[in-house]
Structure formats: C-alpha cells, structure tokens
Amino acid sequence: MQQTNVLEYLEGTAARLPDRTAFVGEGEAMTFSQVRRAARAIGSALARRGLEREPVAVFMPKRPQAVAAFLGCVYAGCHYVPLDEEMPCRRVGLILESLGARVMICDGTTAPLARELDFPGEIASYEDLAAEPEEGSLLERVRDRQLDTDPVYVVFTSGSTGTPKGVAACHRSVIDYIENLSDVLGFGRRTRFANQAPLYFDACLKELYPTLKFGAVTYFVPRRLFMAPVRLVEYLNENRINTICWAASALGMISALGTFQRVKPWYLSTVAFGGEVFPVRQFRLWREALPRTDFFNLYGPTEATGMCCWYKADRDFGPDETIPIGRPFRNTDILLLDEGDRPAAPGQTGEICVRGASLALGYYRDFAGTDRVFVQNPLNDRYPERIYHTGDLARRNERGELVFAGRKDQQIKHMGHRVELGEIEAGAAALETVRAACCLYDERRGRIVLYYAGDAGPAEVVGALQKRLPDYMLPNLVKRLERLPQTASGKADRAALGRMYEQADK
Amino acid sequence: MDELLKILHSLHPEVDFTAREALVDDRVLKSFDIVSIVSEIYEVFGVAVPAEEIVPENFNSAKALYALIQRLEDE
C-alpha cells in the first residue's frame with residue numbers, strides 16, 4: 001500500500017529495530033522504540049484535549065525529545081510549529097500571534113521563557129505529556145481521518161514586510177522529498193548523520209526523516225563546536241559520522257580556517273551542501289582533503305519542501321565558475337520563465353518555477369500571499385495546475401545543468417539562511433529615532449550592511465534589531481548617514497549606497 | 001590592543017568589548033564573526049591563527065584574544 005503518512009517511517013523502523021539508537025544529543029539519546037512511545041503518548045494527550053488539524057507550537061532546544069514532540073503532534077493529526085530558544089522573544093511572539101495555537105509544548109529549559117510570552121493557550125511540559133497514557137484506539141481514529149494532503153509542519157522564514165512568513169508542508173510533499181533525496185544521496189541503515197541546521201527550518205528534514213525511514217542515526221552537533229573547527233571535526237570522527245548535509249557557510253568555515261591541515265573528517269562518504277552558493281575555493285579544499293567523498297550541491301526553497309534540485313559535484317571548477325544546482329529531483333519539474341512568463345530562451349536567465357508534488361501547501365493564514373507566488377502554470381491553459389515562483393534566477397549551461405544566478409528581489413542568503421533585507425530595514429525604521437534605512441549585501445565578504453539616517457546611534461539601532469530579529473539577520477556593519485541617497489522616485493538608492501560602500505572599503 | 005578593539009567594534013558596535021568575558025558562550029560572537037576576526041587579524045597583525053587555536057577559550061574576551069595574538073607573534 002502506498003505511504004500516506006510520515007509516521008509510517010517511524011512505525012516501520014520501530015517495529016524492525018526497536019532498540020537501535022535514533023537520535024543523539026548532548027549526554028542523552030533515544031532509540032526508535034523510545035521515540036515511538038513518547039510520540040504516541042504525546043499524540044494521545046493532544047488528541048484527548050480535542051486538538052486536530054491545528055497548529056501545536058513546539059518550543060524546545062535541539063534534542064532528541066524535540067523530534068518526539070514533533071511526531072507526537074502528527075500522531076494527534078496536528079501540525080508542529082518548531083520554535084527555538086535562540087529566536088528573540090518578539091519574533092516568537094509574532095509567530096504565535098499569527099498561528100493561533102492552543103497548545104505550546106516546552107521542556108524544563110524553555111518553560112520559563114514561554115511563561116514570559118503572554119501565550120494565551122496552554123503551556124504543556126514535554127515530560128508531562130510524554131508520561132500520559134497512550135491510547136491506541138484514539139490514535140487509530142485520528143489516523144483514519146488523516147490525509148496525505150494534511151499539513152505536517154509550519155516553519156517560519158523571513159518576510160519582506162517585517163513579519164515572518166509561515167510555510168505549511170503536507171505529508172505528501174515531505175514523503176516525495178525524503179524518498180527522492182534518499183535515492184540521490186544513497187542514504188541507508190548505515191548512514192550516520194551529524195545535524196547542523198536548526199530544527200525550526202525545513203533544512204533538518206534531511207536528517208530527521210531518513211533516520212526514521214532507514215533506521216539510521218542522527219547526532220545533533222553541539223552548537224559551540226561550530227566555534228571550534230578542530231574539535232568539530234574530531235567530534236565527527238569520534239562518532240564515525242559518514243554523512244553531512246550542511247549549510248555551505250558551515251562547511252566553508254571549516255576549510256577557510258585551515259582545519260584540514262590538522263585533522264580530516266575521515267569517515268565522511270557523503271557531503272551535501274546547500275542553502276547558498278558554495279565558493280569554489282572552499283569546495284576545492286574539501287575535495288582535496290577528501291578525494292574519495294561524494295559531494296552534492298542541493299538547491300530548493302522552503303515552499304517546495306526542502307530541496308528540489310541536486311548536482312553531484314564530481315569535477316573541478318575554475319575560480320570564475322559557479323557549482324551548478326543541476327537538475328530537479330524525480331517527480332519535480334523546474335521551469336525557467338522570463339519576465340513575460342514565457343520559457344526563457346536557451347542560455348538565457350529566467351526565474352526558477354517549481355512544479356510537482358513537492359510543492360508546499362502555501363503560507364499559513366495568508367491566502368493572498370500564497371496566491372501571489374503559488375499560481376497557475378502560465379504554460380498550461382487546459383487545466384488547473386499550480387507552480388511556485390521562487391524569485392530565484394537561473395540559466396542552463398552548455399551541459400544542460402541549471403546554474404543559480406541570483407535573486408529577482410532583495411532576498412539574500414546569509415549563513416545558509418534566507419533573509420529579506422526589507423525585514424531588517426523595517427526593523428530599523430520601526431525606531432522613532434531612525435528616519436530611513438536601507439540594507440545592502442556584500443556577497444564577497446558575506447556581510448549585511450545597514451545604512452540609516454536619524455538621531456539614533458549605531459549601538460541603539462543594533463540593540464533594537466536584536467530584540468526583533470534572529471541572530472543570523474543582524475547586520476554585520478551599521479553606518480549612519482546624514483541622509484540616504486534617493487532615486488528619482490524617492491526610494492533609497494541602493495546602487496549609490498553600493499558605490500559608497502565600495503569606496504569606503506578601499 | 002586598540003587595533004584589536006577596533007576590529008571587534010566594527011563587527012559589533014553595540015558591544016563593550018573591554019567588559020565582556022564570555023563573548024562566545026554568550027553568543028555575542030558567531031561562527032561567522034570568527035572567520036572575519038581571523039582574517040582581520042591576519043591583515044592587521046600579520047599573524048595567521050592556526051585552526052587548533054580557534055576555540056571559545058581564545059575568543060571569549062578581547063584580552064584572551066590579544067594574548068593569543070601576542071603569543072603567536074612571539075612564536
């Protein structure tokens with residue numbers, strides 16, 4: 001029978017390999033049967049509260065129990081919304097407001113933070129929920145009503161208007177992604193993952209669900225190791241990690257700091273990078289250090305559930321070349337459309353538009369926003385067919401491979417995270433003492449630069465932004481000007497600021 | 001020391017680097033900052049920080065970082 005629910009991954013493996021370790025955190029781990037037991041208890045507890053097909057916020061640090069909480073929400077027929085202690089309070093508040101969740105699951109670490117949030121619903125403790133009795137018949141009734149078009153999760157990404165956007169993805173799109181990603185990267189029961197991405201993005205799907213599907217294992221790398229590259233690689237070696245799917249910036253940090261001169265991650269057989277363009281110089285250092293390892297470049301927007309394109313990087317690249325994003329996964333199609341919604345001419349740049357079962361459901365409680373980018377395929381006038389406009393540009397090279405070519409708008413990729421420069425500008429402009437603000441991205445050095453005009457000092461501006469924005473969105477350089485240069489239409493003149501920035505740099 | 005403080009201040013104008021003792025543990029400095037700091041130290045002091053010295057203990061305060069630079073300069 002065809003799989004229609006992500007929980008079938010867990011159930012199949014927990015029956016086959018109950019005592020095998022599934023997830024490992026710092027000083028704690030859970031086996032597949034422990035994950036199943038906790039998730040079913042939490043699912044029963046939520047279902048008894050009468051929750052179904054509604055959001056449940058999971059506000060927990062990155063640890064094995066957080067995964068059990070996610071799956072518990074799915075057992076109840078609900079969708080999980082991961083929140084993180086590293087998000088600023090204001091952002092968590094905005095997200096909770098736009099969700100309208102009735103329950104938030106916390107653990108001992110996050111409960112005190114949760115109580116400061118003015119959350120109108122129930123703040124439930126993970127430990128209490130996981131200790132509630134499992135009710136098999138109740139869970140079965142929920143399962144009978146669940147469809148593969150029901151949402152599994154909602155994750156929040158940067159929104160250009162200053163409010164984060166929730167993207168909801170369903171069982172069908174998650175399964176489609178996991179099956180095809182696993183095929184391409186060759187995951188199996190011997191796969192040992194080290195997870196780098198936070199749990200509040202779709203990036204962590206790459207480890208969580210293949211672990212459940214195959215009976216593999218995922219190690220949650222302690223965050224502070226990313227500040228100590230030699231220790232980080234030693235950690236990978238101690239735990240015989242053979243597969244990592246990390247943000248290009250995390251990989252680049254290891255190679256750029258000269259780590260391979262001291263130690264190499266010997267067990268790695270598969271390295272996938274994505275989230276942003278991996279500089280060829282760093283890629284070469286990796287390939288030299290690990291000549292027998294398979295490297296993959298992955299590309300995909302959250303709105304198409306994880307990744308949707310892949311490229312096996314098995315050749316050398318010149319310093320001016322970009323590593324291609326390759327081609328779509330099976331059962332996904334990429335259209336390159338020009339400004340007039342026609343197919344881009346061969347060799348020409350066009351907007352990447354995605355077609356297929358991998359499309360997410362859309363933006364949470366934002367039908368108008370959804371309709372702007374999830375639209376009828378303009379090349380099809382015969383029947384309804386939805387495609388997603390990514391806003392990313394690409395062209396095909398002479399080998400027919402897709403090559404990423406930037407953005408249509410002011411969205412950037414910084415440290416593997418998607419950032420709307422507009423959201424930073426809106427955050428700065430919210431200060432009464434800031435008259436105008438404009439952000440640039442220095443791609444070469446990977447720096448977000450904020451220019452503003454107003455009475456506020458730079459420290460005040462950064463302080464205010466810290467309350468609203470996650471760390472990865474904070475500008476790396478803040479400059480005050482008497483006034484911002486303007487274009488003829490009265491908007492901030494980015495090009496002029498760009499020139500000013502280049503000049504100052506010299 | 002002033003040159004080092006200048007480097008740090010340009011990354012985080014809101015932080016008083018003379019007063020902080022746990023820059024890494026308090027997540028003031030991120031891994032991204034470390035890469036910038038290491039490359040700025042190379043440019044300004046002409047000192048290459050070897051990978052094994054890139055640990056929180058050496059980056060938790062301006063003082064510790066300065067001591068590291070001096071130690072590397074002497075070597």
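Q: How many residues of chain B are in contact with chain A?
A: A contact here is a pair of residues whose C-beta atoms, placed from the backbone, lie within 7 Å. In this predicted model, 18 residues of chain B are in contact with 23 residues of chain A. On the chain B side, helix H1 (2-11) and helix H2 (31-45) each supply at least two residues. The largest share, 5 residues, comes from H2(B).

Q: Which classes of residue make up the side of chain B that touches chain A?
A: That side has 12 nonpolar, 2 polar and 4 charged residues.

Q: Now to chain A: what are the order and the pairing of the open sheet of 3 strands?
A: Its order is S24-S25-S26, and the pairing is mixed. Strands S24 (434-442) and S26 (477-481) of chain A stand at the edges with a single partner strand each, so one side of each has no neighbour in the sheet. From one strand to the next, the twist averages 20 degrees.

Q: In which sense do S24(A) and S25(A) pair?
A: They pair in the antiparallel sense over 8 bridges. A:Val434, for instance, has A:Gly454 in S25(A) as its bridge partner. Helix H14 (residues 421-429) of chain A packs on this sheet, touching S24 and S25 of chain A. Helix H15 (residues 458-468) of chain A lies across S24, S25 and S26 of chain A, at about 130 degrees to S26(A).

Definitions and conventions:
Residues numbered from 1 in each chain as written. Chains lettered and ligands numbered in written order. Predicted model: local features only at pLDDT ≥ 70, side-chain atom pairs only at ≥ 80, totals over all residues. Contact = placed C-beta atoms within 7 Å. Helix = DSSP H or I, 4+ residues; strand = E, 2+ residues; numbered from the N terminus. Nonpolar A, V, L, I, M, F, W, Y, C, P; charged D, E, K, R; others polar. Pairing = 2+ DSSP bridges. Axes fitted to C-alpha atoms, helices over the stretch in contact; angles between N-to-C directions.
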